[in-house]
Amino acid sequence: MESSEKPRMRNDLRSDLKAAPGAPAVEWIVSDGPTDYDAAVAAMETRAEAIAAGTAAEAVWLVEHPPLYTAGTSAEDSDLRDARFPVFRTGRGGQFTYHGPGQRVAYVMLDLKRRGGDVRAFVAALEAWIIATLDGFNLKGERREDRVGVWVKRPDRGEGFEDKIAAIGIRVRRWVSFHGISLNVEPDLAHFGGIVPCGISERRYGVTSLVDLGLPVTMPDADIELRKAFESIFGPTVRADSIAVRSAP
């Protein structure tokens, strides 16, 4: 017998993923300067394991990377057009993406069991987080059911044209998330030319940034809006100095 239940659309999923009242605040960590990618992955994995074991608090870690490409678990080799920067094969979901200066990468290490245990709802909440952040700059970001990430319409480029302003790629282990999102504040958009970003090659879909759209946004400006929007969806945060594993409060 065929089910009459319609598949859940991300627009229909809950985007409020706050933990239960009284849960410890999420540590909010900002690293200055370029962060080595391999070191970042190792630190994330260590912290995620500690969160799963109950020995560390949840955390969001904001970094910038030197120019590099990462390939997710669905990446096609043919989407690497020009390996002009180091390429890292990583365990996150998704395809090829670029990281570099001027792009804010937010690594999100949350215990999803405390937040409903629904991975699709978590992805929808990450999109809602980015959309709320952009709203702080009076910019309308939108999700697309057939494309993960956040998009802005570009009628100035033609009917049906859209640009991606933020990407999402996560991994979940023992119900703890890691990897996360990347928001284009002011990266060199030409650097995306070495890949087919997220496997999307149609001419009407491109890549943009806040500054490319004419918004004079600095990285600290973006961080303020990211934190405010995060707390509205995931709950309170507390500033921490580093990603080092500490005992949970």
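Is E142 buried or exposed in terms of relative accessibility? At 15% relative accessibility, E142 counts as buried, where buried means under 20% relative accessible area, exposed means over 50%, and partly exposed is in between, with a 1.4 Å probe and protein chains only.

The model is predicted, so that local features need pLDDT of at least 70 and side-chain atom pairs count only at pLDDT 80 or more, while totals for chains, interfaces and linings use all residues. Residues are numbered from 1 along each chain as its sequence is written, and side-chain values use heavy atoms, with hydrogens and water left out.

**Salt bridges**

A search of the whole structure finds 23 salt bridges, each being a side-chain nitrogen of Lys or Arg within 4 Å of a carboxyl oxygen of Asp or Glu. Side chains of opposite charge can pair when their charged atoms come close.

| Pair | N to O distance |
|---|---|
| R174 and E49 | 3.0 Å |
| E142 and R144 | 3.5 Å |
| R154 and D156 | 2.8 Å |

Helices (H or I, at least four residues) and strands (E, at least two) are DSSP runs, numbered from the N terminus. Both partners fall into the intermediate class of accessibility: R174 is partly exposed, with a relative accessible area of 48%, and E49 is partly exposed at 31%.

In the pair of E142 and R144, R144 counts as buried at 16% relative accessibility, as does E142 at 15%. E142 and R144 also belong to a network of salt bridges that links them with D146, R147, K153 and E162.

**Packing of α2 and α3**

Two packed helices are described by the angle between their axes and the distance between the axes. The axes of helix α2 (residues 119-135) and helix α3 (residues 219-234) come within 8 Å and cross at roughly 135 degrees. That angle makes α2 oblique to α3, because angles under 35 degrees count as roughly parallel, those over 145 as roughly antiparallel, those from 65 to 115 as roughly perpendicular, and the rest as oblique. The axes are lines fitted to C-alpha atoms, for helices over the stretch in contact, and angles run from 0 to 180 degrees between N-to-C directions.

On the α2 side, F122, A125, L126, A128, W129, A132 and T133 meet A222, E225, L226, A229, F230, I233 and F234 of α3, contact meaning heavy atoms within 4.5 Å. The residues of this contact divide into 12 nonpolar, 1 polar and 1 charged. A125, which lies in helix α2, is buried, with a relative accessible area of 0%. The C-alpha atoms of A125 and F230 are separated by 9.3 Å, although the two residues are 105 residues apart along the chain.

**Surroundings of V217**

V217 lies in the loop between β11 (205-207) and α3, and V217 is buried, with a relative accessible area of 7%. Not counting residues up to four places away in sequence, V217 touches F137, V185, L210, V211 and A222. Of these, F137 is 80 residues from V217 in sequence, and their C-alpha atoms are 8.5 Å apart in space.

Methods
Nonpolar A, V, L, I, M, F, W, Y, C, P; charged D, E, K, R; others polar.
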